[in-house]
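Subject: Structure for your review

Dear colleague,

Please find below the structure that I am handing over to you. My notes on it follow.

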Amino acid sequence: MNTYKINTRVVIEINNYSTFGFGYDSDTQYDVAQICLNGHLVNEATKKSPQFSSKYCGKCGQPTIDKCPLCKSPIASRYQRSRTPSMSSSPESPVPFYCHDCGKPYPWTQTIIDTTIELISGEDELTPEDKKIITENLPDIISQTPRTPLAASRVRKTLEGMSGAGKEVFKQLLSDNVTESAKLLIWP
Ligand SMILES: [Zn+2]
Ligand SMILES: [Zn+2]
């Protein structure tokens with residue numbers, strides 16, 4: 001029976017999540033999220049509320065996915081039971097940057113990385129060494145890791161050599177997509 005299958009799956013996923021440090025409390029619900037290729041959250045609970053799912057994103061028109069394109073593992077979602085799942089993005093249900101099963105960046109994260117690399121590759125003011133530092137430290141400023149403070153301070157130093165338009169575009173591109181602590185260190 002379908003319902004039984006879904007319940008079993010959710011229980012298995014709860015076990016997976018706790019091993020990934022998500023923690024668990026009784027108010028927290030676990031489900032599978034549907035997100036567009038640009039990273040807009042379309043449905044945070046596709047199992048509980050499939051009526052909110054859609055093939056394309058209402059904000060940008062990109063196709064949506066509910067599993068990792070590489071390993072096919074469902075996109076983890078958690079939200080508070082006391083809050084009704086909805087189509088809107090919320091602080092309780094942030095869009096994940098990396099697949100919890102294979103560790104690879106989701107398409108929206110890859111776009112941030114690719115666009116940033118494309119931007120800095122055309123920056124004459126940056127030395128090849130600066131570009132390497134930014135590229136290598138990107139993953140740690142995009143999501144919070146133990147290396148975030150170090151990565152952010154390295155990126156900030158490379159940006160000191162940049163002036164004018166390039167620096168501004170870099171800020172616009174990244175400021176919405178880096179962790180709060182990295183943001184404070186890079187653009188205090
Ligand atoms: Zn979208
Ligand atoms: Zn994966």
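In these notes, a residue is called buried if 20 or more other C-beta atoms lie within 10 Å of its own, and exposed if 12 or fewer do. Please note that the model is predicted.

Overall architecture

The protein contains six helices and five strands. Read from the N terminus, its elements follow the order α-β-β-β-β-β-α-α-α-α-α. Of its 188 residues, 28% are buried.

Helix α3

In α3 (residues 128-142), the buried residues are Asp130, Ile134, Asn137, Leu138, Asp140, Ile141 and Ile142. Their cover includes α2, α4 (148-160) and α6 (180-186). As a general point, an α-helix has 3.6 residues a turn, so residues three or four places apart point the same way.

The helix also has a bend of about 35° at Glu136, with a proline, Pro139, following within four residues. As to its length, the 15 residues of α3 should span 21 Å at 1.5 Å a residue, and this agrees with the 21 Å between its end C-alpha atoms.

The pair α2 and α5

Helix α2 (residues 107-121) and helix α5 (residues 164-175) have axes that come within 11 Å and cross at roughly 175°. Because angles over 145 degrees count as roughly antiparallel, α2 is roughly antiparallel to α5. On the α2 side, the contact is made by Thr115, Thr116 and Leu119, and on the α5 side by Val169, Phe170, Leu173 and Leu174. Sorted by class, the residues in this contact of α2 with α5 are five nonpolar, two polar and no charged.

Two exposed residues

Ser175 belongs to helix α5. Is Ser175 buried or exposed? Ser175 has 12 other C-beta atoms within 10 Å and is therefore exposed. Leaving aside residues up to four places away in sequence, Ser175 touches Lys183 and Trp187. Ser175 and Ile142 are separated by 33 residues in sequence, and their C-alpha atoms are 9.5 Å apart in space.

Lys72 is found in the loop between β4 (64-65) and β5 (76-80). Its phi is near 70°, a positive value in a residue other than glycine. With 10 other C-beta atoms within 10 Å, Lys72 is exposed.

Yours sincerely

Conventions: Residues are numbered from 1 along each chain as its sequence is written. Chains are lettered from A and ligands numbered from 1 in the order in which they are written. This is a predicted model: local features need pLDDT of at least 70, side-chain atom pairs count only at pLDDT 80 or more; totals for chains, interfaces and linings use all residues. Axes are lines fitted to C-alpha atoms, for helices over the stretch in contact, and angles run from 0 to 180 degrees between N-to-C directions. Angles under 35 degrees count as roughly parallel, over 145 as roughly antiparallel, 65 to 115 as roughly perpendicular and the rest as oblique. Two residues are in contact if their C-beta atoms, placed from the backbone, lie within 7 Å. Ala, Val, Leu, Ile, Met, Phe, Trp, Tyr, Cys and Pro count as nonpolar, Asp, Glu, Lys and Arg as charged, and the others, Gly among them, as polar. The expected span of a helix is 1.5 Å times one less than its number of residues. The bend at a residue is the angle between axes fitted to the seven residues ending there and the seven starting there.
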